[in-house]
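Here are my notes on the model you sent over. Have a look at it first, then read on.

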Amino acid sequence: MNCIIRKVKNGDESILAYVQTESWKAGFKGILTDEELVRCTDLTKTTHMYKKILDHHIGNGYILEV
């Protein structure tokens with residue numbers, strides 16, 4: 001199995017949003033109310049957030065590709 005770690009780039013926003021929202025759903029289930037969890041894991045909003053971050057070159061992110 002080949003693994004590559006690379007810096008994020010424009011176009012990765014949907015991948016980043018998916019990983020974040022799914023990990024939040026798993027990690028915060030039973031800690032946040034169902035309503036709060038739904039609000040905090042909106043895939044569309046999270047994708048737009050990452051698009052803005054990537055467009056403005058804010059932060060340093062990496063993706064592991066398998």
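In which helix do Trp-24 and Phe-28 both lie?

1. They sit in helix α1 (residues 13-28), four residues apart, about one turn of the helix. Helices here are DSSP runs of H or I, at least four residues, numbered from the N terminus. Keep in mind that this is a predicted model: local features need pLDDT of at least 70, side-chain atom pairs count only at pLDDT 80 or more, and totals for chains, interfaces and linings use all residues. Residues are numbered from 1 along each chain as its sequence is written, and side-chain values use heavy atoms, with hydrogens and water left out.

2. The structure holds one aromatic pair. The ring centres of Trp-24 and Phe-28 are 4.9 Å apart with the planes at 50°, so the pair is tilted (centres within 6.5 Å, using the six-membered ring of Trp; under 30 degrees is stacked, over 60 edge-to-face, the rest tilted).

3. How accessible are the two partners? Trp-24 is partly exposed, with a relative accessible area of 30%, and Phe-28 is partly exposed with 30%. The cut-offs: buried is under 20%, exposed over 50%, partly exposed in between, with a 1.4 Å probe and protein chains only.

4. Now to helix α3 (residues 43-55), where you'll find Lys-52. At 54% relative accessibility, Lys-52 counts as exposed.

Definitions and conventions. Helices (H or I, at least four residues) and strands (E, at least two) are DSSP runs, numbered from the N terminus.
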